[in-house]
Amino acid sequence: MTVTRLRLAPVTHSPVLPVYARQDLTFVRGEGTTLYDARGRAYLDFLAGIAVVGLGHCHPAPLAAAHAQLDRLWHTSNLYWTEPMVELAQRLSLRAGGARAFFCNSGAEAVEAGLKYARKATGKPGVVALSGSFHGRTTGALSVTGQPGKREAFEPMLPHVLFAEPNDLPSLEAAISAETGCILLEPIQGEGGVHVLDAAFVAAARRLADETGAVLLFDEVQTGVGRTGAFFAHEHVGVRPDALMLAKGLANGLPIGCLLVFDDAPEGLVAGDHASTFGGNPVACAAASAVCDELTDEFLATVTTNGLVLAEGLAALPGIREVRGAGLMLGAELDRQPADVVDACAQRGLLVGTAGADVLRLTPPLIVTTAEIEQAVVVLEEVLA
Ligand code: PLP
């Protein structure tokens, strides 16, 4: 049999559906905080696959764990147990102070699982989410995403969804009723523009959920797994949800999503209620356990200190109105179009992203050094000057 190798089509004639506004860059290799294109040009990656590659590209710990698991077993289905899936669930339970996991393959899927859990646990259909939130692109997750522009073309979406304003308690109180089964929050809104929820607002959401018999669900898809300097971002505000969702950083770039239901939360899903063929994939779970083991308290402390260094560097730059976020999940509100800044940075070998309308998003690998932070700030200064 002759195997013909396909030549890569130019990006403008891509065989891929055009749902992304991609930059004209193709990467072939990554190491630590650096990505390389086909010509060997290095780019300092301050986006990390949008807050995914927390330990940096090809980090030896998840790499070795995934390699070893690839040699042993790839897939069994969820008709059976696998060791990596159970070991990861145990690690996450320990971090959460007692919780049980459902594994899937992405953030949106984890949100879907969370919505089904809330419905089943309370028997109530209503969801109160926040304006400006982002929970994913599947129909359920999009229905609870507080960005009308993303939902518009796909209306009608799920009914019984109301949006309250972030950090506005009267607005949250007004949205909650006897039919509310779920209050859904991102501790820090990511895609919506890096907006941090106040501790008092999150605590009030907990109180309102308890008073009305709703479950409190935290979307930690972006904030979780060390991104903000704590394993879970809700640790910063000291409010425990009933359940939370993880994805992005969990397996350092292999696809995985997770719904974690805390042990003291209402019972919800039972056998037959939910499923995912690939959920709990042994290779992804083995990599994820290796990620969890790297996120020691000492490591997380460096995320906090390096985040402060980056935030201070950004705050001193021209054209930046405000710097928001925690740890290495930062947004810099600009006085100009962020897309132009992103392009100019890429031309100078620095990868950054955008969030919301006017925010430059910086989510470098959590292993970033202060020298690399200084390097990035110098490039941004050149671009913004
Ligand atoms: N929830 C949050 C907070 C996110 O930031 C994202 C993605 O950016 C999602 C859910 C959706 O995750 P995924 O793209 O893996 O489906």
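Contact, on this tour, means heavy atoms within 4.5 Å. The model is predicted, so local features need pLDDT of at least 70 and side-chain atom pairs count only at pLDDT 80 or more, while totals for chains, interfaces and linings use all residues. Residues are numbered from 1 along each chain as its sequence is written, and side-chain values use heavy atoms, with hydrogens and water left out.

**Stop 1: Thr-363**

Select Thr-363. Leave aside its neighbours within four places in sequence, and Thr-363 is in contact with Phe-46, Leu-47, Ala-48, Ile-50, Ala-51, Arg-227, Leu-328 and Met-329. Thr-363 sits in the loop between β17 (359–362) and α12 (370–384). Helices (H or I, at least four residues) and strands (E, at least two) are DSSP runs, numbered from the N terminus.

Is Thr-363 buried or exposed? Thr-363 counts as buried, at 1% relative accessibility. Buried means under 20% relative accessible area, exposed means over 50%, and partly exposed is in between (1.4 Å probe, protein chains only).

Now show the Thr-363 side chain with Ala-51. The side chain reaches the backbone nitrogen of Ala-51 at 3.4 Å.

**Stop 2: helix α1**

Stay with Ala-51 and select helix α1 (residues 48–51), which also holds Ala-48. Ala-51 lies in helix α1. Check the backbone angles here. Ala-48 is not a glycine, yet has a positive phi of about 55°. Ala-51, also a residue other than glycine, has a positive phi near 60°. Ala-48 is buried, with a relative accessible area of 0%. Ala-51 counts as buried at 4% relative accessibility.

**Stop 3**

Go to Met-329, one of the contacts of Thr-363. Select strand β14 (residues 329–334) around it. Six of the six residues of β14 are buried, so the strand is largely enclosed by the rest of the structure. In a regular strand the side chains alternate between the two faces of the sheet. On one side of β14 are Met-329, Gly-331 and Glu-333, on the other Leu-330, Ala-332 and Leu-334, and all are buried.

Which strands run antiparallel to β14? One is strand β13 (residues 320–326), which pairs with β14 over six bridges. Two strands pair if DSSP finds at least two bridges between them. The other is β17, joined to β14 by four bridges.

Pick Leu-330. Gly-325 stands opposite Leu-330, and Leu-330 also stands opposite Leu-362 in β17. Then find the turn. β13 and β14 form a hairpin with two residues between them, and Gly-327 in that turn has a positive phi of about 55°.

**Stop 4**

Select β1 (27–31) and β15 (350–351), the edge strands of the next sheet, each pairing on one side only. The sheet is open, has four strands in the order β1-β2-β3-β15, and its pairing is mixed. β1 runs antiparallel to strand β2 (residues 34–37), joined by four bridges. Look at Glu-31: its bridge partner in β2 is Thr-34.

**Stop 5: two domains**

Colour the chain by domain. The assignment gives domain 1 (27–46 + 296–384) and domain 2 (60–294). Such bounds come from an automatic or database domain assignment. The centres, taken over C-alpha atoms, are 26 Å apart. The contact between them takes 21 residues from domain 1 and 21 residues from domain 2.

**Stop 6: helix α8**

Select helix α8 (residues 199–212). Its 14 residues should span 20 Å at 1.5 Å a residue, and the end C-alpha atoms are 20 Å apart, which agrees. The expected span is 1.5 Å times one less than the number of residues.

Show the buried residues of α8: Phe-201, Val-202, Ala-204, Ala-205, Arg-206, Leu-208 and Ala-209. Their cover includes β5 (126–130), α7 (169–175), β7 (180–185) and β10 (215–219). Step past the helix to Gly-213, which follows α8 and has a positive phi near 75°.

**Stop 7**

Zoom to Glu-155 and Pro-156. A cis peptide bond joins them, with omega about 0°. Pro-156 lies in the loop between α6 (148–151) and β6 (161–164).

How many disulfides does the structure hold? It holds zero (a disulfide is a pair of cysteine sulfur atoms within 2.5 Å). Select Cys-104: its nearest cysteine sulfur is that of Cys-258, 7.2 Å away. Cys-104 counts as buried at 2% relative accessibility. Cys-258 is buried too, with a relative accessible area of 0%.

Methods. Polar contact = N/O pair within 3.5 Å; in protein donor to acceptor, adjacent residues only side chain to side chain.
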